Amino acid sequence: MKYGYFDDRNREYVITQPDTPLPWINYLGCQAYFGIISNTAGGYSFYRDARLRRITRYRYNNAPFDLGGRYLYVRDDASGEFWSPSWQPTRQQLENYSCRHGLGYTTIGSRYQGIEASTRYFVPLDENLEIWQLTVTNDRPQAAELCIFSLIEFCLWDAQDDSTNFQRNFNIGEVEVENGVIYHKTEYRERRDHFSFFACSEPLAGFDTQRDTFLGPYRGWENPIVIARGQSCNSIAHGWAPIGSHHIKVALEPGESRQIVFVLGYQENVREEKFDPPNSQVINKKKAKCTLSRYLTSANADAAFEKLRAYWDDLLGICQVETPDVHTNRMVNIWNAYQCMATFNMSRSASFYESGIGRGLGFRDSNQDLLGFVHMVPERARERILDLASTQLPTGGAYHQYQPLTKRGNNDIGGGFNDDPHWLILGVAAYLKETGDWGILDERVPYDNQPGSETPLYEHLQRSFCYTLQRLGPHGLPLIGRADWNDCLNLNCFSDSPGQSFQTTTNKDGKVAESVFIAGLFVLAGCELAEITRHRGRTAEAHSYLAEVAKMKETIRKHGWDGEWFLRAYDDFGRKIGSKECPEGKIFIETQGFCTLAGIGLEHGSAAQALESTRKLLATKHGIVLHQPAYTRYYLEYGEISSYPPGYKENAGIFCHNNPWVIIGETRVGNGDAAHDYYIRINPSAREGISDLHRCEPYVYAQMIAGRDAPTHGEAKNSWLTGTAAWNYYAITQWILGIRAGYDGLVFEPVVPRAWRGFRATRKFRGVTYNITVDRAGPGNQVTLEVDGSAVSGSVVPPPPHGTKTVAVQVTLQ
Ligand code: BGC
Ligand code: NOJ
């Protein structure tokens, strides 16, 4: 069953039923002010950091699941009846309803008793505010006397504190109300130099800022006493829970429409000019007023919206494809690229499954995410790389996470995830291939943000590589440390106390447990580093890296191969993990995928064999599971992986993030049919028809789909913020469609299904637009290239002469 449909022309997903299986959400904002919004207007907003600068309050894991948000109420004064045009929180049976999630905006509208009300929510470019544009239309044959009430609940800034420290919080809430604008200023009296404001374009019939006055005793958001009575109380919050609610009266003739604009914004003042007059406690509102005067008109709000549209058109225009498969086109052209930008903005911090307080920006995660967004925002990718590298430790290791507001490594989590450093090499490699900006390697970047410790970025990469060389285990494979890519394979943890963090508890000295996955990663990163080094003219150094890579490949052949597939690891007792000798967890996806994508075993057939074993033992119709058989009990020596019930998350769930590794592996052995088949199994659009089972949004990837051992096999969880976005985008665009950014130019090596007669694409690359046509002349993947009508040998199109704007590339597959 479906709950909506794709409107590809408008680049929207249209939800036609409000009670979706889970909240189906969207993101607002793309620079510093962000919000998440569900299909019933649930969600919250923050400035830069979802933990440290939360603007509105949101209670996670509520019942109903999604409650609290950017709500409006319409009240019919004749009958006293009131409802929410976004369905929540009043949940009336609406006459019609639609939620259009678009790129950076969401429009939710409905009709109830002949009144149409629709709100467009978005964050204008270059502003720290969001706009709600409400249009109310009276479709009744007679005049209507309506009241509109707005509602948000303010968060007392630090979301962690806000949801725990009530003995303090209930005393500190403060607001000001001036000319109908509600200013939230909790802690402004002391060390905060920022406040938020909530304003409305219309004259007010009243307002409220104290939650309990607005709701009334023992009443919830679905039935506030103020709305039942039809009159705001002009309450001023002192302590307790500050909210923002405006009350507007609207009289509409039959057929008449009215637009009302609400603006919710964030403002910082310099400390010396916080107050106006200077010695008072009154907020200096000059800047906020100036901003408000610009956005509280429909015409200006419309103009800001058009700019936002143009921004997204430009970003998505960088890579557009026209293949025989609608799901491929839709995901590549719109939604997958869009999700990659969400992972750029959020990493794993704020979604409906990430509370915004738990996790900042991950070192591994953000470096990988680069693969999906570097072509859209290269300058910002550059800044991200330098920020990440600044949290690297002098040892070459890395803080596992950092907070976006402070850009400092997170001490609670620390480091010791032995795969982390290599992702920096891969992130930088992706950046160099896309941009050709070799100068980034000379940027001086500190370690652990310590002034004075700066070295060129290039040295950070050298240290990343050496980190592993200095940490090899008994078989010559890399020691795993706290974990590798699989945060839940905790081989040095040995935790038997409830509540201990699997990620940070280490009870063994870590000199035995080894990771074949890191070995594969080392091979890939080592090859990239060698290429980078060669480009810098250091041939001998490049050779030394390649020699280490060759050695590691040999070690994998000797100690990382189980006969029919790659082993996963060795545990603290030196016993195999991911071997036919193991009673459970005999085969793991990570090493089959990553080793084959790194090209390990291509020459002697083990890559093909590993892929064959994957197909036989791990592939299901909903995607490829992480391992088999699932762990049926807790293994002290394996950690969190065995803490999950079988079939969920890292315990044999379909971890969508690493399916594309196998997909790329299949392209490396030339199997386009298998690669695209796997791609489609987890493609959200292709799963739209089974939304009742899948349950998450059909327009974005989820981290996990329950595996075959779970009672809910096929059910997705944890949508939006996952490495799945970047890896699938990378797999489909650069490996299946085969349009790949290379150090020396754009590479064309499609490995598409045999049944495809061809496809077209446009790709902007280093300032040039490539208009690409791929035609199949035979069943294989052999490429013949013509560039602007002339034959070019090989598969790389070198940069055209300076000043060239467009290039026509004709690819023929034989
Ligand atoms: C999850 C992992 C995640 C880790 C990081 C674990 O509970 O299962 O997917 O990477 O937490 O915090
Ligand atoms: C999610 C984490 O964000 C990512 O870093 C990790 O690799 C996977 N889980 C697998 O554990």
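Mentor: The answer below takes up the ligand site and then turns to the backbone. This is a predicted model, in which local features need pLDDT of at least 70, side-chain atom pairs count only at pLDDT 80 or more, and totals for chains, interfaces and linings use all residues. Residues are numbered from 1 along each chain as its sequence is written, chains are lettered from A and ligands numbered from 1 in the order in which they are written, and side-chain values use heavy atoms, with hydrogens and water left out.

Around ligand 2 stand Arg 348, Arg 359, Arg 364, Asp 365, Trp 485, Asn 486, Asp 487, Glu 650, Phe 655 and Gln 703; a residue is near a molecule if one of its heavy atoms lies within 4 Å of it. By class, this shell has six charged residues (Asp, Glu, Lys and Arg count as such), together with two nonpolar ones (from Ala, Val, Leu, Ile, Met, Phe, Trp, Tyr, Cys and Pro) and two polar ones (the others, Gly among them).

A polar side-chain atom of Asp 365 lies 2.6 Å from an oxygen atom of ligand 2. For Glu 650, an N or O atom in the side chain is 2.5 Å from a ligand 2 oxygen, while Trp 485 uses a backbone N or O atom, also at 2.5 Å from an oxygen atom of ligand 2. The protein covers 96% of the 300 Å² of accessible area that ligand 2 has on its own, as computed by the Shrake-Rupley method with a 1.4 Å probe.

The peptide bond from Gln 88 to Pro 89 is cis, with omega near 0 degrees, and Pro 89 sits in the loop between β8 (82-83) and β9 (96-101); strands here are DSSP runs of E, at least two residues, numbered from the N terminus. A cis peptide bond also joins Gln 628 to Pro 629, with omega near -20 degrees, and Pro 629 belongs to the loop between β31 (627-628) and β32 (654-655).

Finally, Ala 41 is not a glycine, yet has a positive phi of about 70 degrees. Ala 41 lies in the loop between β4 (33-38) and β5 (43-47) and is buried (under 20% relative accessible area), with a value of 0%.

Technical notes:
Polar contact = N/O pair within 3.5 Å; in protein donor to acceptor, adjacent residues only side chain to side chain. Helix = DSSP H or I, 4+ residues; strand = E, 2+ residues; numbered from the N terminus. Buried < 20%, exposed > 50% of the residue type's maximum accessible area, 1.4 Å probe, protein only.
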